[in-house]
Amino acid sequence: MAWTFLILAGLFEMFGVAMINKLHEDKSWKPAVFLILGFGASFLFLSIAMESLPMGTAYAVWTGIGASGGAIVGMLFFNESKDWKRILFIAMVLGAAVGLKLVS
């Protein structure tokens, strides 16, 4: 169950990062509220996951999901570059996160 909470934490981090970008574009209160809610939920789920997962593993996987997910969201919804080299390195980050899961 801890891994489910960790994945949820990573997904909410991705949402929070997307709201930062939206806030830069929109300058309204809605993205700011969603940003706070997204990161709040992310930290809550990370905290729950860390009750049974080692801190180093949980933090590395959480940041890996957030970093790679943020890049993917940028490609899909904010017209960022979809260069194959970016995709390769995102895959490497995700592969490292999966590797940490396998050895934990």
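Where is Ala58 found? Ala58 is in helix 3; helices here are DSSP runs of H or I with at least four residues, numbered from the N terminus.

The model is predicted, so local features need pLDDT of at least 70 and side-chain atom pairs count only at pLDDT 80 or more, while totals for chains, interfaces and linings use all residues. Residues are numbered from 1 along each chain as its sequence is written, and side-chain values use heavy atoms, with hydrogens and water left out.

Select residues 55-77, which form helix 3. Its 23 residues should span 33 Å at 1.5 Å a residue, the expected span being 1.5 Å times one less than the number of residues. The end C-alpha atoms are 32 Å apart, which agrees.

Stay on Ala58. At 0% relative accessibility Ala58 is buried (under 20% relative accessible area, 1.4 Å probe, protein chains only). Leaving aside residues up to four places away in sequence, Ala58 touches Leu6, Leu46, Met50 and Leu53 (contact: heavy atoms within 4.5 Å).

From helix 3, the residues meeting helix 4 include Ala60, Gly64, Ala71 and Met75; among their counterparts in helix 4 are Arg86, Ile90, Val93 and Leu100. The residues of this contact divide into eleven nonpolar, three polar and one charged (nonpolar: Ala, Val, Leu, Ile, Met, Phe, Trp, Tyr, Cys and Pro; charged: Asp, Glu, Lys and Arg; polar: the others, Gly among them).

Notes:
Helices (H or I, at least four residues) and strands (E, at least two) are DSSP runs, numbered from the N terminus. Buried means under 20% relative accessible area, exposed over 50%, partly exposed in between (1.4 Å probe, protein chains only).
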